[in-house]
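Hi,

Here is the structure I promised to send over. Have a look around first, then read on for what turned up.

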Amino acid sequence: MTTIARIETFLVAPRWLFVRVETADGIVGWGEATCEGRSETVRTAVEQLSELLIGRDALRIEDHWQVMTKGSFYRGGPILASAVSGLDQALWDIAGKHYGAPVHQLLGGPVRDRIRVYGWVGGDDPSEVRDQISAAVESGLTAVKMNASGRMSPVASVAELDGVVQRVAAAREVLGDQRDVAVDFHGRFNLATARRVAPLLEPYRPFFLEEPVVPENSHLIGELVRSTTTPVSTGERLYSRQEFLPVLQAGIAVAQPDLSHAGGITEVRKIAALAEVYDVQLAPHCPLGPIALAACLQVGFATPNYLIQEQSIGIHYNLGAEVLDYCLDKEPLTFVDGYVERLTGPGLGIEIDENAVRVADKRGHAWRSPIWRHRDGSYAEW
């Protein structure tokens, strides 16, 4: 029987929340419900949602998604959406294992054989940017993403503006014209500053400019789109088709839903279809663990308008554990020449080291977002 018999959560380093769903006949599915800085809260939400799933047929994924997202008078938001995401991923993993097929096969079959990946690089000055991008290129990546800046003043100084340009220029110098650099504004810029910076970066031809304004100011993003020829992207803090619709209408070029925040595989597939109507590419946000990455890739292998996939191997957040540490077999998630080959195993296509996960959960974690302040003591966007 595919009846859901047991649901567990595991808070594991560096900052992830794994979900384990087991059926009465012993099939185990894994999902990732990480909500960075709020995973303990999401853990409680998963426990509450479990009341709707225990004793039910695990294969009724769409019905479960509908009930989990709409079965309460108060809906939406990152906590609930992240909890639903982890459970949804686990149910798709169970379905694939039940039918003996990778999830992308259940989604209509592959439309590509491999997916291009990129990694994050830091660096507070141009010399550090050069060194870190050189290391990324040596590892085989053909695309990287970097922060445009650190803390930004409400009205950027000349030095702050020049610093952004100098770092991106250094990146382009190392990458040449055959590789790509995406520039992440991280919601640290207001609209006025983003409009000043974007034209200055055009000579360096960024892959895209990410999250130029905070998500609650998504109604302003069209102003930036119209002020630059560089593709604009956003979406890591948008959690549904309804939230993506205004930015798609505003003219973004790349949508970046996070499969651990935006309703899992079920909703992101629908976001992708909606994005296709607006000639927008998908590049899911994923600075998270192996389960989230595998879920992203499964969607990518079955989605026509899939551009590239973020992965966080070696990212600065990963203290205490790395992306592949919880995998029994690391081969499926390794990349060659900047690509990950199509996953062929059943379900999400990876095998989780359950013993390692249980040991890590005993230690747990309490990761929190940094709190930044401007020189006058007021809050600054991180």
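**Helices side by side**

Let's start with helix H9 (residues 241–250) and helix H10 (residues 264–277): their axes come within 10 Å and cross at roughly 25 degrees. Angles under 35 degrees count as roughly parallel, so H9 is roughly parallel to H10. The crossing of H9 past H10 is right-handed. Bear in mind as you click through that this is a predicted model.

Which residues do the touching here? From H9 you'll find Arg241, Gln242, Phe244, Leu245 and Leu248, and they meet Glu267, Lys270, Ile271, Leu274 and Ala275 in H10.

Helix H6 (residues 158–175) and helix H7 (residues 191–201) have axes that come within 10 Å and cross at roughly 35 degrees. H6 passes H7 in a right-handed crossing too. On the H6 side the contact uses Leu161, Val164, Val165 and Val168, while H7 brings Thr193, Arg196, Val197, Leu200 and Leu201. That contact of H6 with H7 divides into seven nonpolar residues, one polar and one charged.

**Into the core**

Leaving out residues up to four places away in sequence, Leu201 touches Val164, Val165, Val168, Val183, Phe185, Pro206 and Leu209. Leu201 also belongs to the largest nonpolar core, which has 113 residues. Among the residues with the most contacts inside that core are Leu201, Phe18, Val21, Leu87, Phe185, Ile265 and Tyr326. There is a second, separate core of eight residues, including Tyr118, Ala182, Phe208 and Ala283. As background, nonpolar side chains in soluble globular proteins tend to be buried together.

**One leucine up close**

Finally, zoom in on Leu224, which sits in helix H8 (residues 221–225). Is Leu224 buried or exposed? Its relative accessibility is 1%, and buried means under 20%, so Leu224 counts as buried.

What does Leu224 touch, once residues up to four places away in sequence are left out? The list is Leu191, Ala194, Arg195, Ala198, Pro212 and Val232.

Happy exploring!

Technical notes
Residues are numbered from 1 along each chain as its sequence is written. This is a predicted model: local features need pLDDT of at least 70, side-chain atom pairs count only at pLDDT 80 or more; totals for chains, interfaces and linings use all residues. Side-chain values use heavy atoms; hydrogens and water are left out. A nonpolar core is a set of buried Ala, Val, Leu, Ile, Met, Phe, Trp, Tyr and Cys residues joined through side-chain atoms within 4.5 Å. Buried means under 20% relative accessible area, exposed over 50%, partly exposed in between (1.4 Å probe, protein chains only). Contact means heavy atoms within 4.5 Å. Axes are lines fitted to C-alpha atoms, for helices over the stretch in contact, and angles run from 0 to 180 degrees between N-to-C directions. Helices (H or I, at least four residues) and strands (E, at least two) are DSSP runs, numbered from the N terminus. Angles under 35 degrees count as roughly parallel, over 145 as roughly antiparallel, 65 to 115 as roughly perpendicular and the rest as oblique. A crossing is left-handed if the near helix is turned anticlockwise from the far one by less than a right angle, and right-handed if clockwise. Ala, Val, Leu, Ile, Met, Phe, Trp, Tyr, Cys and Pro count as nonpolar, Asp, Glu, Lys and Arg as charged, and the others, Gly among them, as polar.
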